[in-house]
Amino acid sequence: MLKGLKACFIAAFFTALPVCAVTPSPAMIAQFQKLPPAEQQRLAKQYGVTLPAGMGGASKNQQAESEVLVPQQQKVAFDEMALAQVEPKESDPSKQRFGLNMFNSQVSTFAPVDNGPVPDNYRLGPDDIILLQLFGKQSAEHELLISRTGEVNLPEIGPLTVSGLSLKQASALIISRVKEAMIGVDATVSMGKLRTINVMVAGEAKTPGMYAVSAMTTVTQTLYVAGGVSDIGSLRDIQVKRAGQTVGHFDLYNLLLRGDSSADVQLQHGDVVFIAPMSASVEVAGAVKRPALYEVKSGETIDQLLAMAGGASAGAYPQSVVLERFNSYNLRDLLNLDLTNKVNRQMALRDGDVLRLPETSPRIENVVTIAGAAVRPGHYSWQQGMKVNDLIKSFWADLHMTADLDYALVVREINKAGDVKVLQFSLANSINDANSSDNLLLKPRDLVLVFNHANEFTHRDAINAYLREKLIERNSLNEDMRWAGTEDLSTVGFNNLLLDANQQKQSANAAGKSGSIAGQSIVDRAQADSSGAQLTEGGRTQLREAVSQNALPEIMSDVMKRLYHDKELLALSASFNRTELLYPLLAKLKAQSRSGQTVNVVRVGGEVRVPGEYPLAENAKVKQLVSAAGGVTDAAYLGRAELTRAVSVDAHSNGVQVENIAVDLQGALAGSNDIALQSRDRLNVFPIPDWNIDNTIEIRGEVKFPGRYTIQRGEMLSDIIARAGGLSRNAFTQGVVYTRESVKERERLQLKKLIEQLRADIASKSLSEQGMTTSPQDALLMIGQIENQPPVGRLVLDMPAILAGEPEADIQVENGDLFYIPRMDSTVSIVGEVQHASSHRYKAGLTVDDYLALAGGLRKRADSERVYVIKANGSVVIPQQNGWFAVKSETLEPGDTIIVPVDTEYKDSLSIWTAVTQIFFQSAVAIAAINSF
């Protein structure tokens, strides 16, 4: 019962240790149980734990006996255990001294040896216990304690001196005496409890002092008991002194580096383990397997030091090693050493030396690289005589389906400065014909660029996923942040790279604003990914901030710098379009243009598939430039193009003289009359005059063949109606709606001016003495409604005149026009300030007043003097000042709408209200007419 209670208390005691403490091992608990009661009380008081009755109340005699029987090192070990609970501070491993961490582990697995096997060469001494077992004619077991005189008392035989003998010698002696004295009895001898010896740990130990240890304790075990070597103690000069004489030298490096424990001698009673101060240390840093501080002895060399550090790593560059050393003026000198030279490796080391091994260049020497629309982009071994078709052998196996077979580049270094030149070739020719001039001979470090057709790309989601992960790492974004794979982050980042540097300098916020808009667009379109997780509001905010802070453009800039060299990015290079894949090459060509040297960059614009800048290839002509741009479009005029060239600099005008060269583009593409290109040339490919096969007009409603029709320049509306088969019998010619994009844009500008005028009027009225009868909030609400009003872009047509063939009524159609012919409408609508807005069947002879009466008459706020009529064709009839006698019954027609506006004088003094209501009603009538079909 008491034993179980003690076990429960001990577990509770260790649980009460600080939170940072480690879980106590069985060895720690056993040590605590073996401590004398006084020591248990001291530790319990230190940690604020009350011991139960009976655990710390032993008698003085019992305490004295416990103190004699319990080795002193167990007390120290327990104190060291408590000190070891403190978390060690993190530090640079290369700045730590090699070997010290052997004693600095947070949980020590060392425990004193009590029941381990005893070797045959163990020397017996006083207080050792020998176990004697008799068997044969009689059986018995005896514990024989070696007395202070070195004797053991053999039962029925007498005393026998064994002190100083080895266990093997003593066993043989005892067995022989038993056999001689006791006929028919045999014996076996083994060791029981070992004696305790006192050893002194002196010098630079962490906890020097006198320790009571097992008689089998060695030097290393004693170092563990003393807590190891101090920060200035030597690991390589540990001496064992006995009776004033040095009987052993122990170098801990032999054990740590070579596993040699031959010098780890067994200690005897009264021995002194002396740890000398460290004499010299050097540091090894850089490309070694174990960078650290190492203790060195006099005469040790760089070769021996590298062996201690595990040798140089695979990426080390031993031809350019730097050795830092103090000179005679106590200042540091730098020595450059080639460690491939044996003489340099035998250089003796000095205290304070720092040996730094640099790494080799990450660039590969005999390599060719392929990037872009290849199935397996990356680095490949270069072989003598290697050609393009050795690298790319098949259209189907080696290239993506989007690969451009007419345009590819080889980027080649031309000098040790890393300058490059560009060679252009046709992939189709190089693969189909091994003897073709396009099958270029490759050289070491060549870069082969394969482009997607036009400005296409493949697996765009791969590069976007890469950028997303970089955004998460850079901005610590939530891992749950997801957006659809179609979100083109790479385009957002790349477009920011193309911003003009002058624009960035003029407005520091321009890029941030652009990024904010782009980020807003990305976030607004964010949807669930394949796992179904939604982009949370917090994730939306983080992503928007990440893009607005220019994180994405900076990441994209880093991607472009490493695109041709980084293995991970090379694998994603097919995800880039032509412009993006060329960006690092163009930047390199511009950067290598030094004073007096030309920039090998040309430009093409106009009717080509991918206009822009391109590298000037060696011996390139107009045909190669057009191929680089993906070829011409269908609208290109092959009869003539223009090449603009800077001829020279005019010193008088401080400008550049430009020459414009007419190019027979058709002949150039056919290989004749081609023109060689020069630096900064600009080619402009013109479109075919009046090229408008993509211009269309849409016809809806009551025609025989509604639909979208291709139009030519100068074509009239009457011609389009004839092509559509003419109007049907149910066509309502007075109510046609004709909208045009250019008119819609003008309406948008007029509406913007109107809103500005409204704001100015509201401001002036609010500051006037009379003030406003309408609150500013109502006025601002009205402005908001106007801003949300979409422009219609309606043209008023006299359709009967057009159908009658009158040339002055007909109009020329334009791209994007919409022509709508509604069904026959026999109603007249009344809207605005009437009692009941409604539509009534048209009846000849009824006047405006008659229709107003049918709508219940005017409301109190109606402006009876400004009633107007919106005709079915979109025109407006304004009443004359002398009343409604000018609007006779015959002016009303089917499809007309009578508008009764609000009395602006009643509302407030803003005369602009009349125009506002007219805009609302006209737009509403037109939109309702289109949507009614």
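1. Which residues is Ile130 in contact with, leaving aside its neighbours within four places in sequence? Contact here means heavy atoms within 4.5 Å. The partners of Ile130 are Leu124, His142, Glu143, Leu144, Ile146, Val152, Val162, Ile174, Val189, Ser190, Met191 and Gly192.

2. On the basis of the model: it is predicted, so that local features need pLDDT of at least 70 and side-chain atom pairs count only at pLDDT 80 or more, while totals for chains, interfaces and linings use all residues. Residues are numbered from 1 along each chain as its sequence is written, and side-chain values use heavy atoms, with hydrogens and water left out.

3. On the cores: a nonpolar core is a set of buried Ala, Val, Leu, Ile, Met, Phe, Trp, Tyr and Cys residues joined through side-chain atoms within 4.5 Å. Buried means under 20% relative accessible area, exposed over 50%, and partly exposed in between (1.4 Å probe, protein chains only). The largest core holds 68 residues, of which Ile130, Val162, Ile174, Tyr294 and Leu305 touch the most other members. A second, separate core of 60 residues includes Leu563, Leu572, Val601 and Tyr614.

4. Not counting residues up to four places away in sequence, Arg474 touches Ala551, Glu554 and Ile555. Arg474 and Ile555 are 81 residues apart in sequence, yet 8.9 Å apart in space, C-alpha to C-alpha.

5. On the sheet: five strands form an open sheet in the order E12-E11-E15-E13-E14, with mixed pairing. Two strands pair if DSSP finds at least two bridges between them. Strands E12 (292-295) and E14 (332-337) are the edges, each pairing on one side only. Strands E13 (residues 321-326) and E15 (residues 354-357) run antiparallel and are joined by three bridges; Glu324 has Val354 in E15 as its bridge partner.

6. On Thr696: this residue belongs to strand E26 (residues 696-701). Thr696 counts as buried because its relative accessibility is 16%. Beyond four places in sequence, its contacts include Tyr709, Ile711 and Asn815.

Conventions. Helix = DSSP H or I, 4+ residues; strand = E, 2+ residues; numbered from the N terminus.
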